Structure formats: C-alpha cells, structure tokens
Amino acid sequence: MATAISHKQKMYLATAGILAFGIAAYGVGRLYNPLGPSAGTIAPAQRYVSAQVGEGDVTLGDTSVPQLMQTDAFELMVKDPSFRALAASPGFSALAAQPQVMAAMMANPKAFAALAANPSAFAGLSKAAQAASAAAPQAHQASAGLINAVAAHQAAFQALASQPQVLAAIAANPAAFASFSSSASAFQNLASKGAAASFAPGQPHWGNAALAAVSSNAAAFQQIAADNKAMSAIQADPQVFSALAANAASFKALSAQPQALSAAVNSAALAAHQLQSAGVSNAALSALAANTSAFSALAAQPQVLAAIAAHANAFSALASHPQALAAIMHNASAFSSFANNASAFQNAASKAAADARMASNANAFQQLAADNKAMSALSADPRVFSAMGQNALAFASLASNARAMSPQLLSAIGSNASAFSGLASKASQLSSAAQALQSLDAHSMVASAAAAKALNASASQAILANPQAFSAMAANPSAFAALAAQPQALAALSSNQKAWAALAAHPNAAALMANPSFSAALNQANAGVASQSQSN
C-alpha cells in the first residue's frame, strides 16, 4: 500500500525540481562541463549536445536532468540540509528574482548575511548607495589614479596612511610637498616641529603651504616624525611625494575625508600586492580600479575570467556592442555553432530579425555585423563562441553585467592574459584582490559623495563599516533598494548563512543562483510541487 509523501520528501523534491528547472532552462547538463566532482561524489557525465531548447520546451523528463544530478553543484545543493531549508524559506523567491543582487551576494555572502540581520542598517546602506551613485564617475576616476600611484610606492603610502590627517593634508596640496621627494629627512625635520613649523626659519625644502599644513595638523605630523617604522618606509622611497603630485587631482578629490582616504590607500595597496604578485602590470591596475563592479563579477566566476583572458580581442569587439554581448552571454550555447565560421555569424547578425537567437536584439546585432573592426576581431578568433558555450551557465549568470564589461577592462585583461589565466585558478587570491578593489571603490565613493554633500556623517560611517557590500549596492542601487523593502528576503539571507557560504564556494552553484532564468524556474518548480501536494 502506497504511503503519503512526507514533508521532508516534498522539500527534497521541491529543491530538486527547482534546480532541475533552473539548470535545464539553459541546457546545462548538455553544455556545461562542471569544475569536477567533490570528494565522494559521482564523476560528472560527459557533455551531451543537442539542438537548442527554449525555456518553455524544458520538462522534468529532459535527458539533461540525470546528467546534472551527477555534478558537484547539484549534489551540493539538493543533499545539503542547509540549502534545502534556504530554498524552502518564504523570502528565497524574492532573492532569486534579482539576478544582479544574487550575483553580488554570491561574491561576498558573509558580508551581506551579516548586514541583512539588521534590516534598518541594510536599508540605510542601500539609501546611501542611491545617494552616492551620482558621484560614481568621479570616484572611479579617483580610484584609478590612486591605485596607479600607490602600486609603485606601497610601503611609503601605507606609512603616510598610518596618520590619516598627515596624508589628507599632503593630498590637499601635493605640490607643496613635492620637493621632499629628494629629501625625506627634510620632511621628517619639518614634521617634527609641529605647531612651531609656522614660525620655523625657511629651509630649501620648505614652503609656506607646507609650513601651514604641518602647523594645522601638528600632532599628527609629530607622531609620524617619531614613528621609526613609518619614517623608514618613507626614507626608503621619498619619491612617494612626487607620485602624490603627479596624481594631484585624484588625491585632492579624496582629501576632505582623511579616514576614507587612508582606508582607500590601504585597500589600493592590498589590491596592488595581490595582482602584482600574480604578474598583472601596473598599467592594468587603473583599468581594474575604474571598473570594479565588472571585475568583481568576473572574480566570482573564474572560468569566465580565464575565457576572456584567452580571447580578449574578440571579447573587446563584442563589448563595444553591449546589448549583443548580453544576448550572447544569456544564451551562449546557442551561438557555439559559429565557433568555426565567423562569416556565418556576420551573415546571421546582418539578418538578425530572421534569426530566433538574435531577433529580440536585432538592431544591436545588425550594428555589430556592420562594424568592420569588430568583425575582423571575431574573424581572427571565432573560437570565442565555443569558449562561451563551454561555460554557458557561468556566462549566463553575468549577462546582466554585460554593459559593465568595458573594452578598457577587457583590453587590460588581454594585455595580461597569462597573469589572469593563472589568477583564475587561485580563487582565494582572486577574491582577495576583488574585495580590496571594492573597498577602494567604496572609500573613494564616500569621499567624493561627501565632498558633493550627498552623504551625511552617519551614512559615511555606515559605508566605511561595510565597504564591499556598499560597492556592490552602488553598482545596482535600485535593485538593492527594492530588496531592502522585503523583510522576508532579508530574513532568508541572514538566517541561512551556512547555505550561502557553501554555495558561494562552488562557482557552478553560484552561477546557477545568479542565472537570470532561475526565478522563472523556481516559480515553475514551486507550482509543480504545489499541484503535486494537492493531488496527494
């Protein structure tokens, strides 16, 4: 005699249904090669290739489902009790409906989970992100100039940053201190005088502006003059003063906020160290700092970063037509057939209205087809289409970020292809660099927005306490504002920290959760389970 399905079994089936629909919507079982099995799991089946399947054509009987069940991502999700609890929580659907939000949270789940535990703090930070968004262009420019200077003088900059008032005073008028680049001892001599500096007799390296700055911040200058460790770093690299003067605009933009400026310098130094040690050139650092949101998204999907590094010119060509790039990323497997024939792609794109893959973005594809420079790059490297198709799930999860993939960023990655390919296999180092860049971005935003009187002191402090979360919010302020108004979604985020951390540790799973079709798949699965429950 058949027995009724238990609540626990229904939950398991619901979770399996959610994932089956979510993955099958992109044919992942057919087209996506997982990173590899977890210890003790079944080895992944070989990829199965079939014709393109639309979201409406997918059913639970699809042959991709049993293949998917052998992957580490599926096993992690459906057999982990914490994830089953997460998927069953009332607010999970609201989170799944925001792919950009989901991608940001997957990149730093711990920070967002902690913040979501305090809904008022989450809402406050979200409002601050909206208020500061107007200052983003200026902040990104300042970040690019700042990291360019800090990268070549890390220890000396961090020494100055140990006394925020000193760094801010110098940053407010770098030219006044430029002469100390030839004599750090002269700087120490002046700094040690503190309030008496304004009455000190003139010296070759002193000027009225420097004297005034020191006397106005006497205690801080005297403290740095007496700090042997800090002065040793400055003595070893007095050219730090020339670097400040050479990037005066960037530093002046941040000088009104001493704490934010010092934090930005320390974040820039950490990011530069992580990236330089991987072989990334100083020239590329500015491009990364100016495109923090996009680089952070790539860092969360290392296989995408590796693919871009291997096909940078082709990706740069596609990035010059972001709407077309987004459409390809959204359905990468459908474009794999062009991997051996760029001419066929150009022909199809020129008649995009007649091609089901391109019809929804016909004008964008026609403009791409008519762009001779872009098509030359694609003709030279049509394998870019197979690179995306082989990582279809990961690319789909970043489709909503396509407009942020600037040619400048992709060119920088291409110019350092070997370094980024290696970095893509070092998840911890890559994540650390991305988070440091987010922190740099957040602190630059605080200083720039505060200077424009767009932030009050309370908002600035909230940002300084949550720099990575703020940086992600500032990239998509409206989406996070909507999330802040949904207490059940915040509860799902804050009360299931173990599940979020486990998912974020697996790029395959993280890509699934950030997939734009995941919400629709979740709704279909829930409807199916509800119907099954009623029939039982």
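This is a predicted model: local features need pLDDT of at least 70, side-chain atom pairs count only at pLDDT 80 or more; totals for chains, interfaces and linings use all residues.
What is the volume of the largest cavity? The answer is about 160 Å³.

**Whole protein**

Show the protein as a cartoon. The secondary structure consists of 40 helices and zero strands. Now colour by burial: of the 536 residues, 56% are buried.

**Cavities**

Rolling a probe the size of a water molecule over the atoms shows where empty space is left. In this structure there are five cavities of 30 Å³ or more. To find the largest cavity, select Ala104, Ser293, Ser296, Ala297 and Ala472, which lie nearest its centre among the 14 lining residues. How does the lining of the largest cavity divide into nonpolar, polar and charged residues? There are six nonpolar residues, eight polar and no charged.

**The salt bridge**

Side chains of opposite charge can pair when their charged atoms come close. The structure holds one salt bridge. Select Asp355 and Arg357 and show their side chains: the two meet in that salt bridge, with an N to O distance of 2.8 Å. Is Asp355 buried or exposed? Asp355 counts as buried because its relative accessibility is 12%, under the 20% cut-off. Arg357 has a relative accessibility of 23%, so Arg357 counts as partly exposed.

**Ala287 in helix H21**

Move to helix H21 (residues 282-290) and pick Ala287 within it. Ala287 is at 6% relative accessibility and therefore counts as buried. Which residues does Ala287 touch, not counting residues up to four places away in sequence? Select Gln408, Leu409 and Ala412 to see these contacts. To finish, draw a distance line from the C-alpha atom of Ala287 to that of Ser406: the two residues are 119 residues apart along the chain, and the C-alpha atoms are separated by 9.4 Å.

Definitions and conventions: Residues are numbered from 1 along each chain as its sequence is written. Side-chain values use heavy atoms; hydrogens and water are left out. On a 1 Å grid over the protein atoms alone, a cavity is a set of points where a 1.4 Å probe fits but cannot get out, and a pocket is an open set with protein on both sides within 12 Å along at least five of seven lines; lining residues have an atom within 4 Å of a point. Grid points are joined across faces, edges and corners, and a volume is the space filled by probe spheres set on the points. Ala, Val, Leu, Ile, Met, Phe, Trp, Tyr, Cys and Pro count as nonpolar, Asp, Glu, Lys and Arg as charged, and the others, Gly among them, as polar. Helices (H or I, at least four residues) and strands (E, at least two) are DSSP runs, numbered from the N terminus. Buried means under 20% relative accessible area, exposed over 50%, partly exposed in between (1.4 Å probe, protein chains only). A salt bridge is a side-chain nitrogen of Lys or Arg within 4 Å of a carboxyl oxygen of Asp or Glu. Contact means heavy atoms within 4.5 Å.
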